[in-house]
Amino acid sequence: MFNKTSNQSYRPHPDRLFSADNSTRSVARALYQEIRHLPIISPHGHTDPAWFADNQPFGNPAALLLQPDHYAFRMLHSQGISLESIGINSKDPSIKVEQDPRKAWQIFADNYFLFRGTPTRMWMDHAMTEVLGVDQPLNSKTAQVIYDHIDAQLKTEAFLPRSLYERFNIDVLATTETAVDTLKSHLKINASDWQGRVITTFRPDSVTDPYHPDFSAHMALLAEQTGEDVHQWSDYLTALRKRRRFSKARVLPPLTTAIPRLTPRFYQKTLVSYC
């Protein structure tokens, strides 16, 4: 997966995502070369619009790469590593949560071998080598050196969110917000003189899925924002239409949602339990 040259560079192999078949790989290379420098249009970017609204430095390597990534911390947890030990907050206030990001990063590095052959490992290696300039593998011995390198990079102007947006040649980036989001970060971006295009995607899962942890709270907020009786099916749909119009007025791409078996009968039944 990696190339090592005489100058000790440590970089993922450029063909790592292509077929092992020579003829197929040659076609893939040719196609990739045709499009690799085109602007990115990202319809589902998994980014926080506050990054681009505020344009502040990212916190530290653990806060950026480990703690927000459920693919990373769930792998560690599946192997008996407590989430609290890597700085993930617990719902139980009596449980002590590690506050030192260096210690969390060291645990991540100590167990990085667990990610061999996974998409998470491929993504992490790419981010560290291609974006952050790390030139050695992450392991127990290199953990703190790599932490210092990434931490120093994150403090530079080149690694501010808007700088990275421009470096990655992004044309448009769609974030994902709930039906009751105020879109304050998007409004702040729109009011700035920055030319980047970050738009919202209307995702009402928290008011369509009764199993969503925020369902009750967001249903109450939906009623408050729209003035509709969301316990009535027709009014509930009207409330959703109002919030969608609110989002559309701030420019959004097509709807993305995971609506679970949503019918009038299912809706009435679940409201009894969750509202």
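Helices (H or I, at least four residues) and strands (E, at least two) are DSSP runs, numbered from the N terminus. Just past helix H6, Gly133 takes a positive phi of about 75 degrees. The model is predicted, so to speak of local features takes a pLDDT of at least 70, and side-chain atom pairs count only at pLDDT 80 or more, while totals for chains, interfaces and linings use all residues. Residues are numbered from 1 along each chain as its sequence is written, and side-chain values use heavy atoms, with hydrogens and water left out.

H6 itself covers residues 119-131.

Now for the rings. Aromatic rings of Phe, Tyr and Trp (its six-membered ring) pair if their centres lie within 6.5 Å; planes under 30 degrees apart count as stacked, over 60 as edge-to-face and the rest as tilted. The whole structure holds 12 aromatic pairs. Phe18 and Tyr32 have ring centres 6.0 Å apart and planes at 65 degrees, so they meet edge-to-face. Phe18 sits in the loop between strand S2 (10-12) and helix H1 (22-35), and Tyr32 in H1, so the pair ties together parts 14 residues apart in sequence. Phe18 is partly exposed at 22%, and Tyr32 is partly exposed at 36%.

Phe52 and Tyr165 also pair edge-to-face, with centres 6.0 Å apart and planes at 75 degrees. Phe52 belongs to helix H2 and Tyr165 to helix H8, so this pair joins parts 113 residues apart in sequence. Phe52 is buried at 6%, and Tyr165 is buried at 4%.

Terms used. Expected span 1.5 Å × (residues − 1). Buried < 20%, exposed > 50% of the residue type's maximum accessible area, 1.4 Å probe, protein only.
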